[in-house]
Each structure stands twice: as C-alpha cells, then as structure tokens.
Amino acid sequence: MKSVIFAAAVASAAAFAPAQTGKATTALNAFDTELGVQPPLGFFDPLGLLDDADQERFDRLRYVELKHGRISQLAFLGQITTRAGVRLPGDIDYSGTSFGDIGEGWSGSLQVPVAGALQILAFVGFLELGVMKDIEGTGNEHVGDFRNGALDYGWDTFDEETKLSKRAIELNNGRAAMMGILGLMVHEQLGGDLPIVGSM
C-alpha cells in the first residue's frame, strides 16, 4: 500500500515539473547577441516584430527605440522640472500669458497658444528632417550615432568596452524613461499624489 501511495505522489509531482524541450532555433536567435539583450529578460520581442527580420529591419527598430528613448528622457525631466515650479521667465505670447500660467503635463500642453504650438512643431520637424538623423559616410559608428562627423564630446577618447557600456546605459535609460513618462501620463489622468512628482 505504501508503494502505491509513493508512486501516486511521484506521478502527481511529475505533473508540475517543467517539460523538457530542445532549444528552438528561430530567426530571433540571430539577434541574441545584440546590444540591449541583457538580464533579466534577455531577448524580448513579445509582439514578434523581428520574426524573420534581417539586420536592416533590426537596425531600423533600434534607431526608433533610441530616438523614442531620448525624447522620453526629455519628456520625463520636463514633467519633473515643471511640477517642481521651474519655469521660463517672461511671456509665452504677446497677450501677456506667462510661462507660469501654463499648467503641467498633458493638460498644460493643451494650454499652449496655437502660434506657440506651431513653433514647437516646426522646430521638432526641423530637428527630425535636418539634424537628428544618421548621415551615411560621415563616420557614424552605430545606429543612432547622430554626430555625423560634426560633434564629438570626447566619444573618440573612449575604448570599445566603455563605448559599449555607455550605449547600453543610454538604451536602458531610454527604456526606463519610456515607461516613466507613460506612467506619469496615466497617473495624471487618474489623479492623486506621487512621490517626487506630487499632486497630479
């Protein structure tokens, strides 16, 4: 009787053991060694955007990820700065609306006068089309390297290991900022108080 109970216990425990499967070889494995594939997630592509993708497709998505990360870092710091009460001096338009009269966050962006919003849009368009892009043949070392042979800031003095580390840090900070600004936008709609940010 004891052996029957023991066998039943072993059989039921085996039901909860993970199934042994061989490692699948897919096109995703081609990007397992790219910058940004790091613990705890490793290669993370839940939407399958890189299924059967080539290096050109991966580079395009990495370019977009870097650009969105940089924009999100600016947006997150902008949220924190304006909520701390730091504003530009003077007026935003000729009718006397001061920068301090404009609210914070998403609701504040809707309070900007139309002429100001158009100026912001034109400036962003200028940056997008004329400045913030990879220009072939200017010595760019990687996707998202916008120096284009004009700016350096000491980048060329770093060894390869330091460059790779700094690129990974930028990528992770951008990913965190994308989640951070999304969280701030959601909490602004929900209302309440957040640490550091304060009342939403």
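Over which residues does pLDDT stay under 50? That is the case for residues 13-28, for which the model has six contacts beyond four places in sequence; pLDDT is the predictor's confidence in each residue, from 0 to 100, and a contact means heavy atoms within 4.5 Å. Welcome to a predicted model, in which local features need pLDDT of at least 70, side-chain atom pairs count only at pLDDT 80 or more, and totals for chains, interfaces and linings use all residues. Residues are numbered from 1 along each chain as its sequence is written, and side-chain values use heavy atoms, with hydrogens and water left out.

**Confidence**

- The mean pLDDT of the chain is 82, and 84% of its residues reach 70 or more.
- Helix H1 (residues 2-14) has the lowest confidence, at a mean of 55, while H2 has the highest, at 93.
- Where pLDDT is low, the predicted coordinates should not be read in detail.

**Overall layout**

- The chain has five helices and two strands; these are DSSP runs numbered from the N terminus, with helices (H or I) of at least four residues and strands (E) of at least two.
- Read from the N terminus, the order of elements is α-α-α-α-α-β-β.
- Of the chain's 200 residues, 18% count as buried, where buried means under 20% relative accessible area, exposed over 50%, and partly exposed in between (1.4 Å probe, protein chains only).
- Among contacts between residues at least 6 apart in sequence, 44% join residues at least 24 apart.

**Helix H2**

- H2 covers residues 55-83, which makes 29 residues, and its first and last C-alpha atoms are 42 Å apart, close to the 42 Å expected; the expected span is 1.5 Å times one less than the number of residues.
- Its buried residues are Phe58, Arg62, Tyr63, Leu66, Lys67, Gly69, Ser72, Gln79 and Arg83.
- After H2 comes Gly85, with a positive phi near 95°.

**Helix H5**

- H5 has 31 residues and reaches 45 Å from its first C-alpha to its last, close to the 45 Å expected.
- Buried in H5 are Lys163, Ala168, Leu171, Gly174, Ala177, Ile181, Leu184 and Glu188.
- The cover over these buried residues includes H2, H3 and strand E1 (193-194).

**A residue in the loop between H1 and H2**

- Asp52 is found in this loop, and it counts as exposed because its relative accessibility is 72%.
- Phi of Asp52 is positive, near 60°, in a residue other than glycine.
- Most residues other than glycine have a negative phi.

**The enclosed cavity**

- On a 1 Å grid over the protein atoms alone, a cavity is a set of points where a 1.4 Å probe fits but cannot get out, and lining residues have an atom within 4 Å of a point.
- There is one cavity of 30 Å³ or more.
- The largest cavity has a volume of about 50 Å³, a volume being the space filled by probe spheres set on grid points, which are joined across faces, edges and corners.
- Leu35, Arg62, Leu66, His142, Val143, Arg167, Glu170 and Leu171 line the largest cavity, with H2 and helix H5 (160-190) each giving two or more residues.
- H5 gives the largest share of this lining, three residues.
- Four lining residues of the largest cavity are nonpolar, one is polar and three are charged; Ala, Val, Leu, Ile, Met, Phe, Trp, Tyr, Cys and Pro count as nonpolar, Asp, Glu, Lys and Arg as charged, and the others, Gly among them, as polar.

**The open pockets**

- A pocket is an open set of points with protein on both sides within 12 Å along at least five of seven lines.
- The largest pocket holds about 1700 Å³ of space.
- Of the 41 residues that line the largest pocket, Leu74, Ala75, Ser109, Ile120 and Val124 lie nearest its centre.
- H2, helix H3 (105-109), helix H4 (114-131) and H5 each give two or more residues to the lining of the largest pocket.
- The second largest pocket has a volume of about 750 Å³.
- Its lining has 22 residues, of which Phe44, Asp45, Pro46, Glu65 and Arg175 lie nearest the centre.
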